[in-house]
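Subject: Handing over the structure

Hi,

Here is the structure I promised to pass on. Have a look at it first, and then read my notes below.

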Amino acid sequence: MTKTMNKKLFTTVMSVTLAAIIALFTLYIPAEAAGNISKTKAKTIALKDAKVKKKNAVFIKAKLEKDDGIKQYDIEFITKKYKYEYEIKAKNGKILDRDKEKIKNYKGKDIGKTKAKNIALKDAGFKKSQVEFTKCHLDVEHHIRIYEVEFIKGIKEYEYDINAKTGKILDKDT
């Protein structure tokens, strides 16, 4: 190889490497550094619009996504009586869409995450030390508060929907 070819090869490799580094770096820039509002700000906007105090809300989802080329936060939270869903434009905090769903027959306290996990484990016939939990959170389906519990045992994934009030298993899948 000639010196000129070596220089061209070196320049090409360096250009590709630099482009890859820049591409990777931009993946890790926080939303607000890219001119967007923060996730915390998006949550605050949703709570204010819903007229709900932060202490009375349980957030299910708060994620920056792209929909039809527009960056937006998908925010979901529940209170004792309602489930709220918001789509908030990341650039300026404008509410693009909102939904409010009434939760039926909610009175009293939930069974809690620990009990929900234990119910799923008992049904599957495992001990806590034998599995790896991948999800356990409160959600609302068909107007009922449920715990979505997921765990892995070996190569199998187990999914449970458990009534948050009664502890009854509503759905399960392996």
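Of the 174 residues in the protein chain, 32% count as buried. Buried here means under 20% relative accessible area, exposed means over 50%, and partly exposed is in between, using a 1.4 Å probe and protein chains only.

Before you go further, please note that this is a predicted model, so local features need pLDDT of at least 70 and side-chain atom pairs count only at pLDDT 80 or more, while totals for chains, interfaces and linings use all residues. Residues are numbered from 1 along each chain as its sequence is written, and side-chain values use heavy atoms, with hydrogens and water left out.

The overall layout

The chain has three helices and eight strands, in the order α-α-β-β-β-β-α-β-β-β-β along the sequence. Among contacts with a separation of 6 or more, 37% are between residues 24 or more positions apart; contact means heavy atoms within 4.5 Å. The accessible surface is about 12100 Å², and carbon and sulfur atoms hold 54% of that. Those areas come from the Shrake-Rupley method with a 1.4 Å probe, and for residues only the protein chains shown count as cover.

The aromatic residues

The whole structure has nine aromatic pairs. Rings of Phe, Tyr and Trp (its six-membered ring) pair if their centres lie within 6.5 Å; planes under 30 degrees apart are stacked, over 60 edge-to-face, and the rest tilted. One of the pairs is Phe59 with Phe77, a tilted one at 5.3 Å centre to centre and 50° between the planes. Phe59 sits in strand E1 and Phe77 in strand E2 (residues 70–78), so this pair ties together parts 18 residues apart in sequence. Phe77 is buried at 0% relative accessibility, whereas Phe59 is partly exposed at 25%. Phe77 also pairs with Tyr86: the ring centres are 6.3 Å apart and the planes at 5°, so that pair is stacked. Tyr86 is buried too, at 5%. Phe59, Phe77, Tyr82, Tyr84 and Tyr86 make up one aromatic cluster.

Two lysines lie over ring faces. Lys43 is over Phe59, at 4.7 Å from the ring centre, and Lys117 is over Phe133, at 4.7 Å from the ring centre. For this, NZ of Lys or CZ of Arg has to be within 6 Å of the ring centre and within 35 degrees of the ring normal.

The nonpolar cores

The largest nonpolar core has 20 residues, and Tyr147, Val149, Phe151, Tyr160 and Ile162 touch the most other members. Such a core is a set of buried Ala, Val, Leu, Ile, Met, Phe, Trp, Tyr and Cys residues joined through side-chain atoms within 4.5 Å. Helix H3 (113–124) and strands E5 (132–141), E6 (144–153) and E7 (156–163) each supply at least two of its residues. The largest share, four residues, comes from H3. Leaving out residues up to four places away in sequence, Tyr160 touches several residues, including Ala120, Ala124, Tyr147 and Ile169. There is also a second, separate core of 16 residues, with Ile37, Leu47, Ile75 and Phe77 among them.

A few residues to look at

Ala62 is in strand E1 (residues 58–67) and is buried at 18% relative accessibility. Its C-alpha atom is 4.5 Å from that of Ile75, which is 13 residues away along the chain. Apart from neighbours within four places in sequence, Ala62 is in contact with Lys39, Lys43, Asp74 and Ile75.

Is Lys83 buried or exposed? Lys83, in strand E3 (residues 82–89), is buried at 8% relative accessibility. A polar contact of 3.2 Å joins its side chain to that of Asp139. That term means a pair of N or O atoms within 3.5 Å; within protein, one must be able to donate a hydrogen and the other to accept it, and residues adjacent in sequence count only if both atoms are side-chain atoms.

Finally, two loop residues have a positive phi. Lys51, in the loop between helix H2 (39–50) and E1, has phi near 60° and is exposed at 76%. Asp68, in the loop between E1 and E2, has phi near 50° and is exposed at 76%.

Best wishes
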